[in-house]
Amino acid sequence: MLIDNKKYDYLFSNHRPQTIEGIYIFGKNDKYLINQNYASISDIENRIWSDLYIRLELLLDQYASKEYLLGIQSLPIPRDRFPDFNAISPIIKDSTGWTLLPVAGFLDEELFFEVNAQQKFPVTDIIRKSPRFDNKYRDRNIQNDEGYTPEPDIFHDIQAHTPFLMDHKFAEFLADVGKLGHEIILDKRKLGPELVAHNLKRLQNFAWWTYEFGLLKNNGDSDNIRKKSNDINYEIYGAGIISSYDETNNIIKCAKGESKRSKLLPFDIEEAVMTRYDYSDIQDRYYVIDSMDSLYETYYKNKDLFFYEG
Ligand SMILES: [Fe+2]
């Protein structure tokens with residue numbers, strides 16, 4: 001695992017506590033690959049999945065982006081029980097070439113970007129608030145609420161991320177972000193470990209404010225695939241929002257002017273890459289892109305931002 005180097009952190013704005021402490025982080029040299037034992041999933045686990053899924057279902061139908069809704073409709077992601085990786089992965093592979101990679105937990109950035117570069121999406125097989133989750137952390141104290149856990153779980157990975165892997169442009173973009181991360185780590189430009197760490201944080205910020213917590217302008221053209229029209233100016237495409245009932249509701253309230261908890265800001269790539277975030281709370285801001293195409297275009301045009309030379 002790369003040693004975190006904070007030398008250039010002063011350049012970032014919005015310094016936040018990074019409360020990822022306590023969770024297991026897997027690196028290249030750890031035994032991070034697993035097999036999903038589908039037959040052994042308990043009733044309790046299936047019920048937790050189902051409760052999370054059903055609570056969000058109608059909200060997402062009304063507010064999630066078109067890419068998400070079309071993706072989830074085309075995958076065998078059940079409402080009432082855990083998804084089976086072996087049923088989902090081949091369908092995604094046929095569509096965009098990506099496969100699911102079952103893993104033991106949170107991967108460090110080096111490994112995460114490397115597997116993404118190979119079009120493999122890491123997915124965990126446990127769920128928040130379950131006996132298996134509690135057992136994994138029986139001798140550690142980490143945040144583990146229904147609304148939020150810093151450990152990515154199967155609900156976040158499958159219900160929120162995988163539908164986007166069915167979209168060709170998104171799938172290509174995500175693989176390119178993985179390749180870029182891998183390129184930063186390889187450091188062929190010989191920038192040195194301090195700048196490698198800094199540039200990786202820039203890429204993590206970019207990922208955070210886009211495919212994890214990003215919003216998209218609602219131009220009304222996806223209402224035909226919704227049961228109820230989207231009545232706010234935004235669509236949700238960030239997977240961190242999609243898998244969280246609290247975060248989704250926060251956006252709806254802020255968009256309707258019923259809350260001032262978070263700011264809704266126009267996406268500016270230079271600002272986003274230089275802005276840190278907090279893992280452990282509702283976000284204080286969300287960046288709004290004009291369209292998915294505008295995001296891809298800005299990303300491909302501004303890759304130099306991720307090779308800051310000091
Ligand atoms: Fe995620």
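A charge sits over a ring if NZ of Lys or CZ of Arg is within 6 Å of the ring centre and within 35 degrees of the ring normal. The exercises below concern a predicted model.

**Exercise 1.** Determine over which ring R140 lies, and at what distance from the ring centre.

*Solution.* R140 lies over the face of Y24, at 3.7 Å from the ring centre. A further case involves R55, whose charged end sits over the ring of Y245, 3.9 Å from the centre of that ring.

**Exercise 2.** Classify the aromatic pair formed by Y24 and Y137, and locate both residues in the chain.

*Solution.* Rings pair if their centres lie within 6.5 Å. By this rule, the count comes to 23 aromatic pairs. For Y24 and Y137, the distance is 5.3 Å centre to centre, with 40° between the planes, and the pair is tilted. The pair links distant parts of the chain, 113 residues apart: Y24 belongs to the segment before strand 1 (25-26), and Y137 to the loop between helix 5 (131-136) and helix 6 (154-161). Y24 has 26% relative accessibility and therefore counts as partly exposed, whereas Y137, at 5%, counts as buried.

How values were computed
Residues are numbered from 1 along each chain as its sequence is written. This is a predicted model: local features need pLDDT of at least 70, side-chain atom pairs count only at pLDDT 80 or more; totals for chains, interfaces and linings use all residues. Side-chain values use heavy atoms; hydrogens and water are left out. Rings of Phe, Tyr and Trp (its six-membered ring) pair if their centres lie within 6.5 Å; planes under 30 degrees apart count as stacked, over 60 as edge-to-face and the rest as tilted. Helices (H or I, at least four residues) and strands (E, at least two) are DSSP runs, numbered from the N terminus. Buried means under 20% relative accessible area, exposed over 50%, partly exposed in between (1.4 Å probe, protein chains only).
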